Amino acid sequence: MVQMGPVRRRAALLGAVLGVLAAGTGCGIRTTQVPVDAGPAPSRVSCDVPAPKGDAPAQGATVRVFLVCGAGLVPVQRAVGVPEQVLASDRVRAAQTLLDELQKDPSAAEGQAGFTTDVRGSLTVAGPRPGDARRALRLNRQPDDLPTHALAQIVCTYSGSAADGDGGAVELGGPSEDAPRAYQCTAALKARPEAVPTLGDVRSSAPAPGASASGASASGASASGAEVPGAEASG
């Protein structure tokens, strides 16, 4: 038998090691020199839009509307072509102006910041009917039929605005004979607009102009004549 020298033994051992390494890499994922495009890294929306500057219509006003951004509602300033004094003196006009703004597509700056709106379609608003509370507003669709985010946007946009009057609960009804219901814009609603809280039916013995005394009585008013948020309709 021929004996291997030290040099040959080391060479043979090195060759065996290299062979094992080559076989092991063949069973794994092949390396590649081609770069993989996984797309841009995910980014968080800013929900931050600067107030309008210099683009307000002549004699117009600046209003606040609530848009959807991230998981909640965030206020945005909008310039409208209706004078401030008109909005302050005509509550229904103010309510329709705000509703129109909610139905507009977000501006380029708003969209880039992550804002969207769920208020869609041809929504209109009118004042109270005979038998409604004086502060009630009636949409041309039932509030409960609207997407929850859309209803939350309307409630928070109206709350504290010229459409709301004294800054209390927002009283909304629809085209049906159902009594308007009271809604509140709370911190919880802004954070979770999918859960719109209602305070119940709102009726009043101080009816809207044109209401008859019998109609006011049939509306379920309290004896004291006060509005009754949270009281369910009796009829």
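**Entry 1: the chain overall.** I started with contacts between residues at least 6 apart in sequence, and 60% of these join residues at least 24 apart. I am working from a predicted model here. For secondary structure I found seven helices and eight strands. Of the 235 residues, 33% count as buried. I also looked up the accessible surface, which comes to about 13600 Å², with 56% of it belonging to carbon and sulfur atoms.

**Entry 2: strand S1 and its partners.** Next I turned to S1, residues 61–69. Seven of its nine residues are buried, so the strand is largely enclosed by the rest of the structure. Which strands does S1 pair with? I found nine bridges to S2 (residues 72–80), running antiparallel, and two bridges to S3 (residues 115–116), also antiparallel.

**Entry 3: the nonpolar core.** I then asked which residues touch the most other members of the largest nonpolar core. The core has 38 residues, and the answer is Leu99, Ile154, Val155, Tyr158 and Leu172. Two or more residues come from each of S1, S2, H3 (91–103), S5 (137–139), H5 (148–158) and S6 (170–173).

**Entry 4: salt bridges.** My search of the whole structure gave nine salt bridges. I looked at three of them in turn.

- Asp105 and Arg120 meet at 2.8 Å, N to O. This pair links the loop between H3 and H4 (108–112) to the loop between S3 and S4 (125–126), 15 residues apart. Asp105 is exposed, with a relative accessible area of 56%, while Arg120 is partly exposed at 42%.
- Asp132 and Arg138 meet at 2.9 Å, N to O. Is this pair buried or exposed? Asp132 counts as buried at 4% relative accessibility, and Arg138 is buried at 7%.
- Arg135 and Glu171 meet at 2.9 Å, N to O. Arg135 sits in the loop between S4 and S5 and Glu171 in S6, 36 residues apart. I checked burial here too, and both residues are buried.

Last, I noted a network in which salt bridges with shared partners join Arg78, Glu101, Lys104 and Glu110.

Terms used. Residues are numbered from 1 along each chain as its sequence is written. This is a predicted model: local features need pLDDT of at least 70, side-chain atom pairs count only at pLDDT 80 or more; totals for chains, interfaces and linings use all residues. Side-chain values use heavy atoms; hydrogens and water are left out. Buried means under 20% relative accessible area, exposed over 50%, partly exposed in between (1.4 Å probe, protein chains only). Helices (H or I, at least four residues) and strands (E, at least two) are DSSP runs, numbered from the N terminus. Two strands pair if DSSP finds at least two bridges between them. A nonpolar core is a set of buried Ala, Val, Leu, Ile, Met, Phe, Trp, Tyr and Cys residues joined through side-chain atoms within 4.5 Å. Contact means heavy atoms within 4.5 Å. Accessible areas come from the Shrake-Rupley method with a 1.4 Å probe; for residues, only the protein chains shown count as cover. A salt bridge is a side-chain nitrogen of Lys or Arg within 4 Å of a carboxyl oxygen of Asp or Glu.
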